[in-house]
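Welcome! Let's get to know this model through a few questions and answers.

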Amino acid sequence: MFDWFAKIGRSSIDFFARFGREMILFIQTVIGFASLIPRPGLIIAQMYSVGVRSMLIILVSGFFVGMVLGLQGYNTLVDFGAEESLGVVVALSLVRELGPVVTALLYAGRAGSALMAEIGLMKATEQLSGLEMMAVNPVNRILAPRLLAGIISMPLLVAMFSAVGVFGGYLVGVDMLGVDSGAYWSQMQAKVDYNDDIVNGVIKSFAFGIVTTWIAVYEGYSCIPTSEGVSRATTRTVVYSALTVLGLDFLLTALMLD
Amino acid sequence: MSTTRAIEISVGIFVAAGIAALLILAVNVSNVSTFHSGSQYTVKANFDNISGLKERSAVTIAGVTVGRVKLIEVDPVTFEAVVHMNIEGKYNEIPVDSSAGIYTAGLLGEKYVGIEPGGAPDFLKENSEIRLTQSSIVLEKLISQFLFNQSNSDDKKEK
């Protein structure tokens, strides 16, 4: 009987302890951003591995997602004689939802897992302890530049995804299916609002950048330093990132649409 | 040294491409220029029924958008809808006896406010009111009226 209560108590204490450790580390990492000011090279190197090397997959997927939206949107809209609104459909779905969410999911798979595995292996091969021995703070040196690079890169990647997607939709809608080119752009410009749609998409992408990069960095930093531990933490990184992004997206959308 | 430089260049291209994409989204996809464009003034108009007019709907003269609906509320005494409209400052010579009506773009399109200019020598200013208004046409009322008339005329024929 009491064993059962003890079990609940232990798991909730564990949960809050883990949560607290994670928050403390997060705050330490954010404070560590200050130590990067004299060393921008660290951020640039990380932006290369996190942002530049994710660019190709983001551009290609954005293009295909835009083309699929163009095809699907056209087939539905043409029944109502409203195919001129194709631009609105493509742009709004990309800017508000698909851009931030799909980019974050791809980013979690492409860059998040790599970040996690890198930090996890640093821990397994005791490079992190080595840094501490040399009086270099691994939080400032390893975690902070990676987190900051992720936060900067994500909105840029999302903007590229959405912009390329809009052109993909244009290619299918206007060049293939014969929607009027002027109507595609003018309806889009009339219906897409800068503050309500574009800025909200950018806010979302910042939030997803923080969440996905942080999960990857934290899982790497806190993983069990064995080959099995690293492999499990990699799986957790991708699964947690995907779930958090989708859940957070619902929350943010609900807040923004109120 | 050369690899560092290559990395720096590629990160630079990445950031520039990202910012360019944001600019494309801001300028080409949403139309940022029509939003905050300098000075504007507010006028109001009372309507019996605005059915379907929303905040941020267009205000037009001769079909050209000259402003946006800012706020819609109900007058607590007369129970009329009070529509506050922001009109761009450069259209500052709209006569005070102009009339405003609520129209629909196309059969199922959005509602918008159309202003028909009058001929008075005075112009609308901040907080002035458009007195001549024409309410939005509610399709259900129109149909019921038509059916009512129809049955009346049928009755007359039978007699």
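Q: How many residues of chain A are in contact with chain B, and how many of chain B with chain A?
A: This is a predicted model, where local features need pLDDT of at least 70 and side-chain atom pairs count only at pLDDT 80 or more, while totals for chains, interfaces and linings use all residues. Residues are numbered from 1 along each chain as its sequence is written, and chains are lettered from A and ligands numbered from 1 in the order in which they are written. Two residues are in contact if their C-beta atoms, placed from the backbone, lie within 7 Å. On that basis, the contact involves 23 residues of chain A and 18 residues of chain B.

Q: Which helices of chain A each supply at least two residues of the side that touches chain B?
A: Helices (H or I, at least four residues) and strands (E, at least two) are DSSP runs, numbered from the N terminus. The helices of chain A that each supply at least two residues of this side are H2 (40-77), H3 (86-124), H5 (138-176), H6 (181-191) and H7 (194-222).

Q: How do the residues on that side of chain A divide into nonpolar, polar and charged?
A: Ala, Val, Leu, Ile, Met, Phe, Trp, Tyr, Cys and Pro count as nonpolar, Asp, Glu, Lys and Arg as charged, and the others, Gly among them, as polar. The side of chain A that touches chain B divides into 18 nonpolar, three polar and two charged.

Q: Which residues of helix H1 of chain B are buried, and what covers them?
A: Helix H1 of chain B covers residues 2-29. A residue is buried if 20 or more other C-beta atoms, placed from the backbone, lie within 10 Å of its own, exposed if 12 or fewer, and partly exposed in between. In H1(B) the buried residues are B:Val11, B:Phe14, B:Gly18, B:Ala21, B:Leu22, B:Leu25 and B:Val29. Their cover includes H2, H3, H5, H6 and H7 of chain A.

Q: How far apart are the C-alpha centres of the two domains of chain B?
A: Domain bounds come from an automatic or database domain assignment. For chain B it gives domain 1 (2-30) and domain 2 (38-140). The C-alpha centres of these domains are separated by 43 Å.

Q: Which strand of chain B runs antiparallel to E5 (residues 99-104), and which runs parallel?
A: Three bridges join E5(B) to its parallel neighbour, strand E8 (residues 132-134), with B:Ala100 opposite B:Thr133. On the antiparallel side there are six bridges, and B:Ser99 has B:Glu116 as its bridge partner. So the antiparallel strand is E6 (residues 111-116), and the parallel strand is E8, by DSSP pairing of at least two bridges.

Q: Is A:Leu243 buried or exposed?
A: A:Leu243 lies in helix H8 (residues 227-257) of chain A. A:Leu105 is 138 residues away in sequence and 9.3 Å away in space, C-alpha to C-alpha. Because A:Leu243 has 11 other C-beta atoms within 10 Å, this residue is exposed.

Methods
The expected span of a helix is 1.5 Å times one less than its number of residues.
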